[in-house]
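Look through the model below before reading on. The report then takes up its parts one by one, beginning with a contact between charged side chains.

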Amino acid sequence: MDINQLIASRVLALRTAGGLSLAALAERSGVSRSNISLIERGESSATATVLDKLASALGVTLASLFETESAAPSPLSTFAQQPVWTDPDSGYQRRQLSPGVRSPLQLVEVVFPPGRRVAYDQSPHSADIYQQVWLLAGELEVTTGEQRWRMQAGDCLAFREGQFIAYENPGAVPARYLVGLVTLPFAL
């Protein structure tokens with residue numbers, strides 16, 4: 001499935017499951033109704049910032065917008081099956097590693113181009129979402145709230161979502177990192 005179609009079906013399914021109209025989701029997220037409509041039809045490649053606003057308004061993690069839905073999800077996510085998405089603004093590439101089975105843990109691999117920055121001004125989520133970033137290669141600066149962290153390959157940073165978060169690659173080579181997300185409480 002095309003990545004924009006996957007995102008489209010997930011946003012629509014989550015909005016419908018939450019009983020939200022386009023107008024209600026627009027009001028909650030700060031994303032225009034027409035933009036949400038384009039995203040839900042797969043006619044727009046939304047930026048990471050817009051997708052984060054929608055995920056927050058829907059009460060899910062950003063990673064949830066990249067999950068595939070199936071009647072009986074496999075516990076194995078092969079490399080070929082893992083959805084890859086590129087943010088049209090920053091050029092960062094995101095690979096959803098986790099399989100589609102229900103789990104409080106989600107893993108994402110990111111390749112972040114040099115000299116680029118992405119910022120999320122998150123509102124508090126309905127669930128506690130914790131994130132760890134393990135930098136595998138390159139350099140990365142991460143801002144969480146008022147704190148700024150400079151990371152080198154091998155460093156790992158843990159923080160809670162629901163605050164201002166920014167990622168910046170100050171280096172001359174792409175930064176590659178693994179993101180682990182845990183959502184609490186989690187009900188099976």
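The side chains of glutamate 40 and arginine 15 form a salt bridge, with N and O 2.6 Å apart. Glutamate 40 belongs to helix H3 and arginine 15 to helix H1, and the two residues are 25 residues apart, so the pair links distant parts of the chain. Glutamate 40 has a relative accessible area of 12%, which is under the 20% cut-off, so this residue counts as buried. Arginine 15 is also buried, at a relative accessible area of 12%.

The structure shown is a predicted model. Its chain has an average pLDDT of 91, and 94% of the residues score at least 70. Mean confidence is lowest in helix H4, residues 48-58, at 90. It is highest in strand S7, residues 147-152, at 98.

## Other salt bridges

How many salt bridges does the structure hold? There are eleven. One of them joins arginine 160 to aspartate 128, where the closest N and O atoms are 2.1 Å apart. Because arginine 160 lies in strand S8 and aspartate 128 in strand S5, this pair ties together parts that are 32 residues apart in sequence. Arginine 160 is partly exposed, at 42% relative accessibility, and aspartate 128 is partly exposed with a relative accessible area of 27%.

Another salt bridge is formed by arginine 148 and glutamate 141, with 2.3 Å between the closest N and O atoms. Here arginine 148 is partly exposed, with a relative accessible area of 48%, whereas glutamate 141 is buried at 12% relative accessibility. Both residues belong to a network of salt bridges that also links Arg117, Glu139, Arg150 and Glu168.

## The six-stranded sheet

Six strands make up an open sheet, and their order is S1-S2-S3-S10-S5-S8. The pairing in this sheet is antiparallel. Which strands stand at the edges? They are strand S1 (84-86) and strand S8 (156-160). Each has a single partner strand, so one side of each is left without a neighbour in the sheet. From one strand to the next, the twist averages 20°.

Within the sheet, strand S5 (residues 128-137) and strand S10 (residues 175-184) are antiparallel partners, paired over nine bridges. Strands of a sheet pair through backbone hydrogen bonds.

## Pairings of strand S9

Strand S9 (residues 164-168) runs antiparallel to S4, and five bridges join the two. Alanine 119 has alanine 166 in S9 as its bridge partner.

S9 is also joined to strand S6 (residues 139-144), by four bridges, and these two strands run antiparallel as well. Threonine 144 stands opposite isoleucine 165 in S9.

## Helix H4 and what covers it

Is helix H4 mostly covered or mostly uncovered? H4 is mostly covered, since nine of its eleven residues are buried. Among the buried residues are Val50, Leu51, Leu54 and Leu58, and the list also includes Asp52 and Ser56.

Several elements cover the buried residues of H4, including helix H1 (3-17), helix H2 (22-29) and helix H3 (33-40). Strand S1 and strand S4 (117-121) are also among them. H4 is followed by glycine 59, which has a positive phi, near 75°.

## Aromatic pairs

The structure holds five aromatic pairs. In one of them, the ring centres of phenylalanine 66 and tryptophan 85 are 5.5 Å apart and the planes are at 50°, so the pair is tilted. Phenylalanine 66 is in the loop between H4 and S1, while tryptophan 85 is in strand S1, so the pair ties together parts that are 19 residues apart in sequence. Both phenylalanine 66 and tryptophan 85 are buried.

Tryptophan 85 also pairs with tyrosine 92. This pair is edge-to-face, with 5.9 Å from centre to centre and 85° between the planes. Tryptophan 85 has a relative accessible area of 1%, and tyrosine 92 is buried at 4% relative accessibility. Ring pairs link these residues into a cluster made up of Phe66, Trp85, Tyr92 and Phe112.

Key: Residues numbered from 1 in each chain as written. Predicted model: local features only at pLDDT ≥ 70, side-chain atom pairs only at ≥ 80, totals over all residues. Heavy atoms only, no water. pLDDT = per-residue confidence, 0-100. Pairing = 2+ DSSP bridges. Axes fitted to C-alpha atoms, helices over the stretch in contact; angles between N-to-C directions. Buried < 20%, exposed > 50% of the residue type's maximum accessible area, 1.4 Å probe, protein only. Contact = heavy atoms within 4.5 Å. Salt bridge = Lys/Arg side-chain N within 4 Å of Asp/Glu carboxyl O. Phe/Tyr/Trp six-rings, centres within 6.5 Å; stacked < 30°, edge-to-face > 60°.
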